Amino acid sequence: MSAEPPIYLDYAATSAVRPDAVIDAVTDYLRGIGATPGRAGHRRAVEAGRMVFRCRRALAELFNLPGDPGRLTFQLNATHALNLALFGVLRPGDRVVRTAYDHNAVRRPVNALEARGVRQTVLSGAPDGSVDLDEAARALAGNRNPARLLVLPHASNVLGTALPVAELASLAHDVGALVLVDAAQSAGHLPVDVQAMGIDLLAFTGHKGLLGPQGTGGLWARERVELPPAFFGGTGGDSDSPDMPGLLPDRLEAGSQNGPGIAGLLAGVQWVMERGVLAIHARQAALKLRLWYALDMIAGVDVLSPGDPDGVGIVTIAAAGMDAAELATRLDREAGVLVRAGLHCAPEQHEILGTGRTGAVRFSVGWATTEEEVDRAAAAVARIAGAAEPAVRAAGS
Ligand SMILES: Cc1ncc(COP(=O)(O)O)c(C=O)c1O
């Protein structure tokens with residue numbers, strides 16, 4: 001075991017290291033409010049409801065949502081939000097276009113829908129994470145059978161590359177398809193502007209770039225895209241009705257809300273907005289590039305992520321002759337570097353990269369990552385997996 005403090009480089013999985021403001025907001029909520037939003041008229045429940053509304057409004061500002069912030073509903077995570085959107089929009093006979101970069105949170109529900117008569121077309125992808133717009137246009141148009149929905153990740157959780165959402169959305173709208181964006185990796189890391197990008201449905205998670213606790217996330221659907229509820233139950237209002245209320249957010253928020261989680265998410269979103277997404281991106285892009293160059297200098301290490309500042313702060317590598325899981329385990333045990341090995345819930349993208357059998361090792365930087373941590377992580381990779389010293393050491397720095 002390394003004696004030095006651990007280096008957390010798995011922010012793409014979750015921001016396990018959180019700002020004090022987020023932790024304080026959760027504990028303050030549990031101590032001072034503790035009630036369920038919308039479930040009573042007493043002051044604690046009213047205060048809880050106000051906090052949830054503030055969080056909805058903050059997210060509406062962050063994502064530039066038009067109209068009523070109530071069209072953003074809180075869900076447990078991006079997976080629930082994506083399921084709600086996919087099962088809500090697609091009917092037997094519909095065709096959905098998705099990408100080979102999809103997380104299992106999209107791939108698996110679409111496969112489940114295929115078993116119910118929905119057809120899918122998968123855009124093929126490339127090792128550099130790019131999308132062929134001609135292929136996308138053809139797939140969306142179909143053979144006189146236009147797609148009902150395009151679903152795509154804003155950023156790949158394997159390579160960190162950003163997809164051209166606005167261009168793809170425009171192609172989708174040309175054939176009358178709706179656009180569902182999985183912003184699990186981009187929210188808080190890259191600007192997400194649903195109006196500028198032409199997004200009809202946005203699924204996001206709260207526990208990654210938005211720095212909230214697990215159990216938070218949500219789905220926004222633009223006006224005139226009405227989704228049926230997936231869950232039925234109490235909403236605090238309209239209790240005499242036998243059916244779910246017609247109005248959002250209640251229609252899609254059955255059961256008690258995650259008050260402490262949403263309080264933490266609100267603090268995380270405020271943290272992000274105070275600093276600005278562009279500033280956060282610039283800082284993390286610099287750290288990502290520093291790590292990329294250092295890893296790229298190590299003989300025997302194949303850096304799979306592109307070495308550019310675009311996209312999110314992910315650098316994924318494969319080490320010659322070393323199993324990805326072994327490298328990650330040794331980085332943890334011998335150097336205290338915490339990263340994620342395997343297929344990252346995106347096996348199709350690993351097939352494209354040639355790592356479908358072995359997996360790869362993903363490093364992901366976040367709000368608290370420092371240059372020193374990045375340098376120590378690269379030096380540890382060189383020691384454990386490399387035949388050469390990393391750039392930072394070779395340069396004598
Ligand atoms: C691209 C992408 N989509 C969806 C998810 C699922 O997110 P959640 O864990 O919030 O359901 C993840 C999480 O790893 C992801 O990276």
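Strand 2 (72-75) and helix 3 (78-89) each give at least two residues to the lining of the largest pocket. Helices (H or I, at least four residues) and strands (E, at least two) are DSSP runs, numbered from the N terminus. A word on the model. It is predicted: local features need pLDDT of at least 70, side-chain atom pairs count only at pLDDT 80 or more, and totals for chains, interfaces and linings use all residues. Residues are numbered from 1 along each chain as its sequence is written, and side-chain values use heavy atoms, without hydrogens and water.

Back to the largest pocket. Its volume is about 460 Å³. A pocket is an open set of points on a 1 Å grid over the protein atoms alone, where a 1.4 Å probe fits, with protein on both sides within 12 Å along at least five of seven lines; lining residues have an atom within 4 Å of a point. Volume is the space filled by probe spheres set on the points, joined across faces, edges and corners.

Which residues lie nearest its centre? Gln75, Leu76, His80, Phe231 and Leu252, out of 23 lining residues. Helix 3 supplies the largest share, five residues. The lining has eleven nonpolar, eleven polar and one charged.

Now the second largest pocket, at about 290 Å³. It is lined by 22 residues, with His103, Asn157, Ala184, Gln185 and Lys208 closest to its centre. Helix 3 gives the largest share here, three residues. Where does this pocket lie? Domain 1 (20-275) and domain 2 (277-394) both line the second largest pocket, so it lies between them. Those bounds come from an automatic or database domain assignment.

Conventions: Nonpolar A, V, L, I, M, F, W, Y, C, P; charged D, E, K, R; others polar.
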